[in-house]
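Visitor: I am new to this structure. Could you walk me through it and tell me how the terms are decided?

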Amino acid sequence: MKEPPDLRELVGDDLPPDELARLAHVDALLRAVPPPPAEVPASLTGSVGRITAVTPLWTRRRLAGALALAASLAALFFGVGVWTTGGGGFEARASVPLRATESAAGASGLVRLGPADAATGNWELEVVVSGLPKLPEGGYYVLWLAKDGKYAGTCGTFNVGAGTTRVRMSASYLLREYDEWVVTAWLPGRDNSNAPWLLRASTDV
Amino acid sequence: MPVAVATSDTDAQLIERVAGGDRDAFAELYRRFARPVLGMAMRQLGDNGRAEDATQETFAAVWRSARSFRSDRGTGSAWLYAVARHAIIDRARQRREPVAEVVPDEPAAEAGPADEAELSWLTWRVHAALEQLPERERVVLELAYWSGLSQSEIASYLDVPLGTVKTRTRTGLARLAPLLEEVRA
């Protein structure tokens, strides 16, 4: 690629010296860096736009409610005796089986809910899946929460290997505001906005 | 996402508004920084799909973590840069690829890590400043510096008089000058 023209050619030669010096500084910076990307793909903008579909989160007003909910959930899980411990030291207070849809026949999964951090309201979870195919380069699976059958918030992404895959995640959502856990696949170069649901489970535990 | 409406708010003010759940502020931050983030991710990951993932993760982290921003510790742009770097490094680590060695920033292909980091930061600041220009000026500058087109060819491409190209170039550079006054190549 050709070098850009000289600054005087770019802006004309009728500028006072001090103004030309000011522009020369910018000119040197522009010549020193690589070009920005031509454009931001619309699919990316759409994906980022969905991030705010979840009402966030920790305004002070909502923090108190979230902490109260976390405490209630912990008490509920403990009270009904749902207390499981898995590998790697992850202590789950409840396990939610994910059921496979027709799009992922043969797959299975589990969302294991960990304790909430009282200071922040964040809580851990572990997704355990098997039977999902390895995705092509650049693809990944997404665990998210749905409300009224629509995307409402991402919990995390993961890829799978042979056998069972376990992935730790962290979330800070008010679980009661959502209806279902959902797993879908994100595939590069495709419109993933209507990707089929592969695994799903009610958030009611 | 709400359509970003140009605002005179600083980056720091926008992040603080995002911390309070302001979607409009988030949209404006995305408008200002989507291309710098995507550009950095593409240079360092070398793959469009993964770069888009890292960009998405960057803005998800911004939405989640805006409360952690402290304006007394640095600029909003610097905070966003750090968030983006972390997202890109995380994405690179998923493939066990050391991010610094994947695709160094051009044109310093043989630079060491410190030089690469310096160029990455410089590039970030220049690209972020470009996003603050009116579209017509930004387009002319990008064509002038990175397309290889002559001014006459740019005029023809944009279907505007040559004098307009020069005026927009001059105005755009002048508008960038205060934004990049403290930046050194």
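Guide: Here is a short tour of this predicted model, with the reasoning behind some of the words used for it.

Visitor: Let's start with chain B. What makes up its elements, helices or strands?
Guide: Chain B has 9 helices and 0 strands. Read from the N terminus on, its elements run α-α-α-α-α-α-α-α-α. A helix is counted when a DSSP run of H or I has at least four residues.

Visitor: What makes a residue of chain B "buried", and how many are?
Guide: The cut-off is 20 or more other C-beta atoms within 10 Å of the residue's own. Buried residues make up 44% of the 185 residues in chain B.

Visitor: What is the mean pLDDT of chain B?
Guide: The mean is 85, and 85% of the residues of chain B reach 70 or more. Residues 96–109 of chain B have a pLDDT below 50, although this stretch has 29 contacts in the model beyond near neighbours in sequence. Where pLDDT is low, the predicted coordinates should not be read in detail. For the complex, the predictor gives an ipTM of 0.81 and a pTM of 0.56.

Visitor: How many residues of chain A and chain B are in contact?
Guide: In the model, 40 residues of chain A are in contact with 49 residues of chain B. On the chain A side, the elements giving two or more residues are α1 (7–11), α2 (17–32) and α3 (42–51) of chain A. The most comes from α2(A), with 10 residues. By class, this side of chain A has 24 nonpolar, 11 polar and 5 charged residues.

Visitor: Which strands of chain A are called edge strands, and why?
Guide: Chain A has an open sheet of 8 strands in the order β7-β6-β9-β10-β3-β4-β5-β8, with antiparallel pairing. Its edge strands are β7 (150–158) and β8 (165–171) of chain A, and each pairs on one side only. The twist averages 25 degrees from one strand to the next.

Visitor: How do you know that β9 and β10 of chain A pair?
Guide: Pairing takes at least two bridges found by DSSP. Strand β9 (residues 180–186) of chain A is joined to β10 (residues 199–202) of chain A by 4 bridges, so these strands meet the cut-off and count as a pair. They run antiparallel. The bridge partner of Glu180(A) in β10(A) is Ser202(A).

Key. Residues numbered from 1 in each chain as written. Chains lettered and ligands numbered in written order. Predicted model: local features only at pLDDT ≥ 70, side-chain atom pairs only at ≥ 80, totals over all residues. Buried ≥ 20, exposed ≤ 12 C-beta atoms within 10 Å, placed from the backbone. pLDDT = per-residue confidence, 0-100. Contact = placed C-beta atoms within 7 Å. Nonpolar A, V, L, I, M, F, W, Y, C, P; charged D, E, K, R; others polar. Axes fitted to C-alpha atoms, helices over the stretch in contact; angles between N-to-C directions.
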